[in-house]
Each structure stands twice: as C-alpha cells, then as structure tokens.
Amino acid sequence: MRLEGGETDGQPRATLLPTPNGSGLSQELESHWPGIQEMSPCVAGVIPVIYYSILLGLGLPVNLLTTVALARLAARTRKSSYYYLLALTASDVVTQVVIVFVGFLLQGAVLAREVPQAVVRTANILQFAANHASVWIAVLLTVDRYSAVCHPLHHRAASSLGRTRRAIAIVLGAALLTGIPFYWWLDVWRDADPPSTLDEVLKWAHCLTVYFIPCGVFLVANSAIICQLRRRGQSGLRPRVGKSTAILLGVTTLFALLWAPRIFVMLYHLYVAPVYRDWRVHLALDVANMAAMLNTAVNFGLYCFVSKTFRATVREVIRDARLPCTLGSRPEGVVVEPVLKPPGLPKGSEM
C-alpha cells in the first residue's frame, strides 16, 4: 500500500515506484542486512500504475454506488448493521482517494517524487487514518453481530441509532489520532539504513493496529457466532445464518486473506531482507500492496452475492439516476407517468 513517505539525505521521497540507485552499502548495513550492493530495481515496471488506475476507475464508482444504496437501506430500516456497512464503505472511498489516487498515482507516477516533505508526511497521516478507520469499523460490525447472535436480548435492549452513530464517530476520531504518529513513518522503498527504534516501533504499531489485533477480534467473535449457530442446530432449532452475519464473515475473511501478504512482507523487510536491497522483497511488497488495496473494491460483489435486498436497492439507485436523463431527452408533449414506490422494504426481506 502507498503508506510510505520518508526521506533520504534530506530529499523528499514519496513514490511507490523507486528507480535504481547505485549508492554503496555501509559496513553497518551490510552486517545487519546482508544482500545486494545496489538498490533493488522495480521489476514490476508500469504494472502497478496500470493496476491502480483500473482499481480506481472501477472501484471508486462502485463504492459510491454502494454508499448511496446503503444510505437508502439505513434510512428505511434504521438497522445498526447498515450504518456500520455505510461507514465501512465511506472509509474505503477515502482510502481509494488518499492512498490509491494521491499516494500511488499522483505522488508516485505523475509527480515522480517532486513533492515537499511536509506534504508527503501529512499525506502519511491521512493514509494511515483511512486504513485504521476502515479496519476498526469492521471491528464494530463484528462486535455488533456477536452481540446480536450470542446475546440477542441484551442487543435488542442496548442497541440504538444514537449509540451506533456515537460508536462510529469515536472510531473515526480515534483513527485520525492514531494516524498522527505515522507522520514520522520511513519509506521502506528508499530506507538504506538499518531500522531505528522509532521505525521499528511504528512498523509494529502498523501491523498490530491494522491486522493482528483486528484479526484476533474477528477470529474470537466469528468463532463464537459459528459455535452459537451450531448449538442451536444441535438443540433442534434451525441455525439460521442471517444476511448480516454472512456479510460479516465474508468481509472479515477477505480482509484477513488480502492483507496477510503485506504484513508478512513488512516484517520480513524489518528483520530478514530489506526492500531497498533485495529485488525479490521489492516485488513481493508490490504484489502485497496491490492485494491489500483490492480489499477496498470487493465488498460490493459480496453484498450483491449475499443480499437480494441490496441488489434490488442498487437497481433502484441506477434507475433513479437514469430517470432525469430520460426526462431531459424526451420529446415535447410526452408525459411520463410517475412511478409509485413502496414506503419501505418488502415484507420479510432483510440484509
């Protein structure tokens, strides 16, 4: 992911695609990180630029469509799960704009590192904050589904829209605050020196905040949900898996799978071989970043696959968007009859 943005010898560094550099390796670095004496080339070439351009061109409109559809469903049903999914999608939109567009494409491919250091480091804060918001909104959704499945009576008594909105606001504020220390994040693409204590702390904080701790919550809560459903089946009750629970399991599983390569390569870079010196680690981090960013665009397909209600709402949004164009292009004297819409969702439908 384009979450790197440090400096070397006082020069700003802000790009995903480093260029070869023939600087020598100090004895200290050679003993700590033995490896190739020249900077590793970007063997992926322009493939990341093409990939992120396609991801942004397709993923951003799809996420905006998802946002409108979820906003309609949240207003109609007033369910907390829809508000969490809406906040998650909005975080994905911010992630695509701040990381994919500003970080990878604008800073890396278009401006080619000619970015002031203060701008690069400020962008680091926004990039990490967007990541933290997206991940921890998913944690909120997980806790909400755990409460609904394992403690239904308490969930009905305690759940409210006001509480849901406050929880989302707290997570967004905390995400912004936890992004501030990453102002000092060092660029792994150009980091030719052994990691300092600050660099090691920040990289471990990144791995813990966006992966290990959230995945621990996902594992424990999802395991409890599955065990609760199995117990209902053994007691003779039908272990019905609701749409919200199915979406939760899909979202958390996709996140754990798509983010695992980035976390592994980050720790490998920190303790085994640096990205700066080993072209294989360089290539692995390129691929890992692309997999992690794919996570911002796959949820739409998951929602459509699981929820008939969501598919119907998406078709409604598209139809409503096309209606003004139809009205604007119709011949004079042609009257279009208004379409009556039901005030809510069909009876018995759920996410």
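## Close-up views of helix packing

**View 1. Helix 4 and helix 7 cross in a left-handed way.** Let's start with this pair in our predicted model. Helix 7 covers residues 197–234, and its axis lies 9 Å from that of helix 4, at an angle of about 15°. That angle makes helix 4 roughly parallel to helix 7. Sorted by class, the residues of this contact are 17 nonpolar, 7 polar and 2 charged.

**View 2. Helix 4 also meets helix 6, and here the crossing is right-handed.** Look for helix 4 at residues 117–150 and helix 6 at residues 161–179. Their axes come within 8 Å and cross at roughly 145°. On the helix 4 side, the residues that meet helix 6 include Phe 128, His 132, Trp 136 and Leu 140. From helix 6, the partners include Ile 168, Val 171, Leu 172 and Thr 178. The contact has 13 nonpolar and 3 polar residues, with no charged ones.

**View 3. Helix 8 and helix 9 pack with their axes 7 Å apart.** Helix 8 runs over residues 243–271 and helix 9 over residues 279–294, and the angle between them is about 150°. The two helices are therefore roughly antiparallel to each other. Helix 8 passes helix 9 in a left-handed crossing. By class, the contact divides into 12 nonpolar residues, 1 polar and 1 charged.

**View 4. At residues 1–37 the pLDDT stays under 50.** How does the chain score on average? The mean pLDDT is 80, and 73% of the residues reach at least 70. For residues 1–37, the model has 125 contacts beyond four places in sequence. Residues 336–343 also have a pLDDT below 50, and this stretch has 3 contacts beyond near neighbours in sequence. A friendly word of caution: where pLDDT is low, the predicted coordinates should not be read in detail.

Technical notes: Residues are numbered from 1 along each chain as its sequence is written. This is a predicted model: local features need pLDDT of at least 70, side-chain atom pairs count only at pLDDT 80 or more; totals for chains, interfaces and linings use all residues. Side-chain values use heavy atoms; hydrogens and water are left out. Axes are lines fitted to C-alpha atoms, for helices over the stretch in contact, and angles run from 0 to 180 degrees between N-to-C directions. Helices (H or I, at least four residues) and strands (E, at least two) are DSSP runs, numbered from the N terminus. A crossing is left-handed if the near helix is turned anticlockwise from the far one by less than a right angle, and right-handed if clockwise. Contact means heavy atoms within 4.5 Å. Ala, Val, Leu, Ile, Met, Phe, Trp, Tyr, Cys and Pro count as nonpolar, Asp, Glu, Lys and Arg as charged, and the others, Gly among them, as polar. pLDDT is the predictor's confidence in each residue, from 0 to 100. Angles under 35 degrees count as roughly parallel, over 145 as roughly antiparallel, 65 to 115 as roughly perpendicular and the rest as oblique.
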